[in-house]
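Please keep the sequence and the structure in view while reading.

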Amino acid sequence: MLDVTELFEERMRRELTVNPTDLEAMEHLLMAGPLAPSELAKRLGISTASTTTAVDRLVALGHVTREPHPTDRRGVMVVPTPASRARALGM
């Protein structure tokens, strides 16, 4: 079972052209929906600076966008793009 899981994750990383941390971030975003970067950092167990770098990579690849936080005008939410969501869930 673990071998199959690892093979699936490797295929998903190749398909989405992401590294393991970015894939884990995408998994959280797809399961939980939009998240604030600080919440994503907490879920990933990495620093907010590392999370910013991961989100920058995901934005550059077209997997996520940064959108205004609905209740905190200073904050942002990380939101998976519909195309990336469909691509990931289609696998």
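## Pocket and helix packing

α2 gives the most to the lining of the largest pocket, with 5 residues. The structure is a predicted model, in which local features need pLDDT of at least 70 and side-chain atom pairs count only at pLDDT 80 or more, while totals for chains, interfaces and linings use all residues. Residues are numbered from 1 along each chain as its sequence is written, and side-chain values use heavy atoms, with hydrogens and water left out.

The largest pocket has a volume of about 160 Å³. A pocket here is an open set of points on a 1 Å grid over the protein atoms alone, where a 1.4 Å probe fits, with protein on both sides within 12 Å along at least five of seven lines, and lining residues have an atom within 4 Å of a point. The volume is the space filled by probe spheres set on the points, which are joined across faces, edges and corners.

Besides α2 (20–32), α1 (2–16) and α5 (82–90) each supply at least two residues of this lining; helices are DSSP runs (H or I, at least four residues) numbered from the N terminus. The lining consists of Phe 8, Glu 9, Met 12, Leu 16, Leu 23, Met 26, Glu 27, Leu 30, Met 31, Ala 88 and Leu 89. By class, the lining residues divide into 9 nonpolar, no polar and 2 charged, where Ala, Val, Leu, Ile, Met, Phe, Trp, Tyr, Cys and Pro count as nonpolar, Asp, Glu, Lys and Arg as charged, and the others, Gly among them, as polar.

Two packed helices are described by the angle between their axes and the distance between the axes. The axes are lines fitted to C-alpha atoms, for helices over the stretch in contact, and the angles run from 0 to 180 degrees between N-to-C directions.

The axes of α2 and α4 come within 10 Å and cross at roughly 80 degrees, which means that α2 is roughly perpendicular to α4, a term that covers angles of 65 to 115 degrees. Asp 22, Ala 25 and Met 26 of α2 and Ala 54, Arg 57 and Leu 58 of α4 make the contact (heavy atoms within 4.5 Å). This contact has 4 nonpolar, no polar and 2 charged residues.

For helix α3 (residues 37–44) and helix α4 (residues 48–60), the axes come within 9 Å and cross at roughly 105 degrees, so α3 is roughly perpendicular to α4. On the α3 side, Pro 37, Leu 40 and Ala 41 meet Thr 48, Thr 51 and Val 55 in α4, and the contact of α3 with α4 has 4 nonpolar, 2 polar and no charged residues.

## Individual residues

Accessibility is given as relative accessible area, with buried meaning under 20%, exposed over 50% and partly exposed in between (1.4 Å probe, protein chains only).

| Residue | Relative accessible area | Class |
|---|---|---|
| Thr 51 | 1% | buried |
| Ser 50 | 36% | partly exposed |
| Asp 56 | 38% | partly exposed |
| Thr 17 | 52% | exposed |

Thr 51 lies in helix α4 and, leaving aside its neighbours within four places in sequence, is in contact with Pro 37, Leu 40, Ala 41 and Ile 46. Ser 50 also has its place in helix α4, and its C-alpha atom is separated by 9.7 Å from that of Thr 21, 29 residues apart along the chain. Asp 56 lies in helix α4 as well; Asp 56 and Glu 27 are 29 residues apart in sequence and 16 Å apart in space, C-alpha to C-alpha.

Thr 17 lies in the loop between α1 and α2, and its phi is near 55 degrees, a positive value in a residue other than glycine.

Which residues does His 28 touch, not counting residues up to four places away in sequence? His 28, found in helix α2, touches Gly 33, Leu 35, Leu 40, Arg 43 and Leu 44. The C-alpha atoms of His 28 and Leu 44, 16 residues apart along the chain, are separated by 8.5 Å.

Technical notes. Parallel < 35°, antiparallel > 145°, perpendicular 65-115°, else oblique.
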